[in-house]
Amino acid sequence: MIWQRLSSTAQQGLRLAKIAASWRRGHHKIFRVAGASMLPTLAPGDYVVVDTRDAENVELEAIVVAIEPGQKTIVIKRVRSRGDSAFYLGSDNPNEGRDSRHFGSVSANNLIGAVVFHAKVGRFV
């Protein structure tokens with residue numbers, strides 16, 4: 001049990017080291033979660049680190065940061081489906097916030113990137 005915890009902690013440390021190295025090259029941004037639309041995965045006040053490289057190649061069910069079409073609003077959502085150059089984004093908590101049900105598909109040009117790390121308020125996950 002202790003080895004598993006150390007192993008998990010070591011893996012998390014390695015992941016953070018890779019993010020830090022890439023950060024210096026300008027490939028990552030930090031965003032703060034503002035609403036409850038991604039509960040229970042992301043809570044208001046949590047922070048996410050986003051990899052801005054190759055945003056159009058994110059996988060299904062990945063959490064992404066995007067610009068809402070026709071707006072300047074930044075949203076954090078999950079990729080529910082995708083076409084050649086468009087993504088259908090959904091909320092984990094569909095009773096809160098706006099997602100592709102309201103604003104339609106999001107083009108690859110509106111994706112900022114995929115979440116690669118998230119920190120809950122007061123502790124790392």
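The legends below describe close-up views of a predicted model.

**View 1. The largest pocket and its lining.** The largest pocket holds about 270 Å³ of space. It is lined by 17 residues, and G35, S37, I74, V75 and I76 are the closest to its centre. Two elements, β1 (28-32) and β4 (74-82), each give two or more residues to the lining. The largest share comes from β4, with four residues. Sorted by class, the lining has eight nonpolar, five charged and four polar residues.

**View 2. The largest nonpolar core.** This core has 14 residues, and V58, V64, F87, L89 and L111 have the most contacts inside it. At least two of its residues come from each of β3 (63-67), β4, β5 (86-90) and β7 (111-120). In soluble globular proteins, nonpolar side chains tend to be buried together.

**View 3. Surroundings of V58.** Leaving aside residues up to four places away in sequence, V58 touches V64, V79, R82, F87, L111 and A114. Of these, V64, F87 and L111 are, like V58 itself, among the residues with the most contacts inside the largest nonpolar core.

**View 4. Strand pairing around β5.** Strands β4 and β5 are antiparallel and pair over four bridges. A hairpin of three residues connects β4 to β5. R82 has F87 of β5 as its bridge partner. Strand β5 also runs antiparallel to β6 (residues 106-107), to which two bridges join it. Here A86 has S107 of β6 as its bridge partner.

Methods. Residues are numbered from 1 along each chain as its sequence is written. This is a predicted model: local features need pLDDT of at least 70, side-chain atom pairs count only at pLDDT 80 or more; totals for chains, interfaces and linings use all residues. Side-chain values use heavy atoms; hydrogens and water are left out. On a 1 Å grid over the protein atoms alone, a cavity is a set of points where a 1.4 Å probe fits but cannot get out, and a pocket is an open set with protein on both sides within 12 Å along at least five of seven lines; lining residues have an atom within 4 Å of a point. Grid points are joined across faces, edges and corners, and a volume is the space filled by probe spheres set on the points. Ala, Val, Leu, Ile, Met, Phe, Trp, Tyr, Cys and Pro count as nonpolar, Asp, Glu, Lys and Arg as charged, and the others, Gly among them, as polar. A nonpolar core is a set of buried Ala, Val, Leu, Ile, Met, Phe, Trp, Tyr and Cys residues joined through side-chain atoms within 4.5 Å. Buried means under 20% relative accessible area, exposed over 50%, partly exposed in between (1.4 Å probe, protein chains only). Contact means heavy atoms within 4.5 Å. Two strands pair if DSSP finds at least two bridges between them.
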